[in-house]
Amino acid sequence: KQWYQRRVRGMGLEYLSGIAVPAGCISYTVVNQYGTSPEVEFVYDVELPQEFVPCNKDGEVAGFELYTIEEVKELVTRDNFKTNCAAIAIDFLIRHGQITPDELPSYVEVSQILHSRFHY
């Protein structure tokens, strides 16, 4: 058990890349004070063991929280996520049937926004 716990805590990029499942991409346009910028994010699904403990090694993350699906659905509607993170979370929820057209009247529009085409 101790070996397993050390292995879970020590998961590196090599291990994660071996279990990551490509799930497509999302695309969107960022508009800010610097102008307009098309963005594409490649999406991967990774199922982690319950014992997984993430750690911040590059200083880019303030912290980690574990949420239920229902909590994520609530949080993405309240500006608690960066825009690109919220988009990936919504894409996940749609792909896994956690957001349906019955509960989200703008389901088609949201799906289209997540997969925007860039016109140059």
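Which residue in S2 is the bridge partner of Val 31? The partner is Thr 36, and this pair belongs to an antiparallel arrangement in which 10 bridges join strand S1 to strand S2 (residues 35–45). Two strands are taken to pair if DSSP finds at least two bridges between them, and here a hairpin leads from S1 to S2 through two residues. The model is a predicted one, in which local features need pLDDT of at least 70 and side-chain atom pairs count only at pLDDT 80 or more, while totals for chains, interfaces and linings use all residues. Residues are numbered from 1 along each chain as its sequence is written, and side-chain values use heavy atoms, with hydrogens and water left out.

The secondary structure as a whole comes to five helices and two strands, and from the N terminus on the elements follow the order α-α-β-β-α-α-α. These elements are DSSP runs numbered from the N terminus, with helices (H or I) of at least four residues and strands (E) of at least two. Of the contacts with a separation of 6 or more, 51% are between residues 24 or more positions apart, where contact means heavy atoms within 4.5 Å.

Tyr 107, Val 110 and Leu 114 are buried in H5, and, seen down the helix axis, the buried residues of H5 fall within an arc of 65°, so they line one face of the helix. The arc is that of the directions from the helix axis to the C-beta atoms. An α-helix has 3.6 residues a turn, so residues three or four places apart point the same way. On the other side of H5, Val 108 and Gln 112 are exposed; here buried means under 20% relative accessible area, exposed over 50%, and partly exposed in between (1.4 Å probe, protein chains only). The cover over the buried residues of H5 includes strand S1 (21–32) and helix H4 (83–95).

Leaving aside residues up to four places away in sequence, Ile 99 touches Lys 73, Ile 90, Leu 93, Ile 94, Leu 104 and Tyr 107. Over the whole protein, buried residues make up 18% of the 120 residues.

Glu 70 lies in helix H3 and counts as exposed, at 52% relative accessibility. The C-alpha atoms of Glu 70 and Gln 98 are separated by 8.7 Å, although the two residues are 28 residues apart along the chain.

The mean pLDDT of the protein is 84, and 88% of its residues reach 70 or more. Among the elements, helix H3 (residues 69–75) has the highest mean pLDDT (93), whereas helix H1 (residues 2–9) has the lowest (46). Over residues 1–6 the pLDDT is below 50, and beyond near neighbours in sequence this stretch has two contacts in the model. Where pLDDT is low, the predicted coordinates should not be read in detail.

Notes
pLDDT = per-residue confidence, 0-100.
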